[in-house]
Amino acid sequence: MAAMGELTLSSLRDDGERFNEAIAREQHLALAGHKPNAELRPIYERFAHVLGPAALELTRDAFRSASDGSDEWRSARALLDWQVESHASRTLAELDERIIAWEANAVVQLADGRQVSYQRVPVDLATLPNRNERLALDEARATLVDRELAPMRAERLQRERDVIESLDIAPGYIATFEALSGIDLRALAAECEQFLRDTDAMWVDVHGEAVRKQLGILPGEATRADALALLRATRFDPYFPATDMEPAIRRQVGEMGIDPLANGRALFDLAPRPGKRSRAFCAPVRIPHEVYLVLLPHGGATDYRTLLHELGHTLHFAYTRDDLPFEFRWLGDNSITEGYAMLFDHLMHDAGWLQRYSALGMSRVAEYRRAAALEELQFLRRYAAKLLYEVRLYGGGVAWGALPDAYVDLLSTATLFRYRAADAFVDVDPRFYAARYLRAWQLQSALREVLVSRFDEDWYRNPRAGPWIVRELFGEGQRELASEQAERVGAGPLSFAPLVKNIEQGLVA
Ligand SMILES: [Zn+2]
């Protein structure tokens, strides 16, 4: 029997859960405006043993000794992935704090003497009506980023790669990610290349038309700053009123046979409060017993989509089976929870759903769906190119100094918006989160096909669909990988094919 205080997998699970709950509760209180700041350091100190070297060692041993494919191995993989991420974050904490402080305080200097805070730039780029002003702002931003932020982010990427490789889990950064995530990155990268080829002609058409019509410029002139302005389609916002949002979406969830409040486990926080973040978020504080969906309803299509996305996360966590071990409720493949969030936010592409739960009305649904499909295709092509770039970044085959050119080339070719070399080390998600998103995108479209075949086109209001989703999907937590789940529910192997089909249907709507 283990001596008191000795770390075992079982005590690591118990304390890991208490630690995650404490962090999640503190973050929720701060972000929802219940207290001014999140005090995380005392929690990290109290639970130092949960993320210490002994915990890393313990989970690495468990992963190495478990037999491939067993439940033990699945558990150990999730626990080790968590430990590796925590270990890297702890090692890089000081650098991260410097980056966060820089982002909070940096000021972009414009040639005409005006100053814009760095945090505000994306909002201004999307809303400034004058294109020359947008381009000047982006130019000034890029100069500042190139000089100050890019070197810190490049250092972070290099040091994170070195830290992960030194753990000796698999040969190299990419192989380590593959071993811990279960995602075959090279295969996914090949799928991305194919997806980009398959949708090339379609994108050239819709991009050219949108850029000409809505921005009044030639397709070859468009930059990433123009993309922000183009995709901020506010013309439909009056048809997505703030007051209707939550009641309409709750009604829909009820119609599909799911209690949106999960018998009190899901808590909707819609009240205005000083200090509350304006962007909606889901805070799982105790899974599945206490899950918050926090939002300030502003209205507009983007707000509806964000609420649906966060609702997918909320229902997933609130309906996870409570007898699953810690690692399958709290850890595992985030492609799963992102897939559920996207399954819900993609209801905004569904003609029947839009007619029933928004104020668009018959006459505007098709136009809205075309705009939504254009945005979807742009984002997918951007993420596919991002993954291809990040695989090169970590693969070691491209010299560090040549990466900015590779970034500009890959992202500009895929999106047809010109990207800037200054962003090559800034526009990178840690630990291939792009791969989780791409998997989630594929998963939601595969799940949608299963739901349509089982519960018809309007599955989202079929009272038999909800109980199936709760039992077969949400209940399982993140025990499986996205690919395994898709196979189990009869969706076949994940691919971009159903996504391409949906986008085509949206564009010709
Ligand atoms: Zn999400």
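Let's start at Y368, which touches F236, F240, A301, M348, L354 and L360, leaving aside residues up to four places away in sequence; contact here means heavy atoms within 4.5 Å. Bear in mind that this is a predicted model, in which local features need pLDDT of at least 70, side-chain atom pairs count only at pLDDT 80 or more, and totals for chains, interfaces and linings use all residues. Residues are numbered from 1 along each chain as its sequence is written, and side-chain values use heavy atoms, with hydrogens and water left out.

Y368 belongs to the largest nonpolar core, which has 74 residues; Y368 is one of the members that touch the most others, along with F240, F344, M348, W353, W459 and F474. A nonpolar core is a set of buried Ala, Val, Leu, Ile, Met, Phe, Trp, Tyr and Cys residues joined through side-chain atoms within 4.5 Å. Buried means under 20% relative accessible area, exposed over 50%, and partly exposed in between, with a 1.4 Å probe and protein chains only. Helix α12 gives the most to this core, with 8 residues. A second, separate core of 72 residues includes A154, L180, C192 and V211.

Now follow F240 to its aromatic partner. F240 and Y304 pair edge-to-face, 5.0 Å centre to centre with 70 degrees between the planes. Rings of Phe, Tyr and Trp (its six-membered ring) pair if their centres lie within 6.5 Å; planes under 30 degrees apart count as stacked, over 60 as edge-to-face and the rest as tilted. F240 sits in the loop between α10 (224–231) and α11 (242–255) while Y304 is in helix α12, so the pair ties together parts 64 residues apart in sequence. F240 is buried at 0% relative accessibility, and Y304 is buried too, at 1%. The count of aromatic pairs comes to 24, and one aromatic cluster is formed by Y173, F177, Y394 and F432.

The zinc ion has H309 (NE2), H313 (NE2) and E338 (OE) as protein donors, 2.1 to 2.2 Å away. Donors are N, O and S atoms within 2.8 Å of the metal (3.2 Å for Na, K and Ca); water is not among the atoms, so sites may look incomplete. Along the chain, the donors follow the spacing H-x3-H-x24-E. Because H309 and H313 are 4 residues apart in α12 (residues 301–318), about one helical turn separates them. Both of these histidines are buried. Helices are DSSP runs (H or I, at least four residues), numbered from the N terminus.

Technical notes:
Helices (H or I, at least four residues) and strands (E, at least two) are DSSP runs, numbered from the N terminus.
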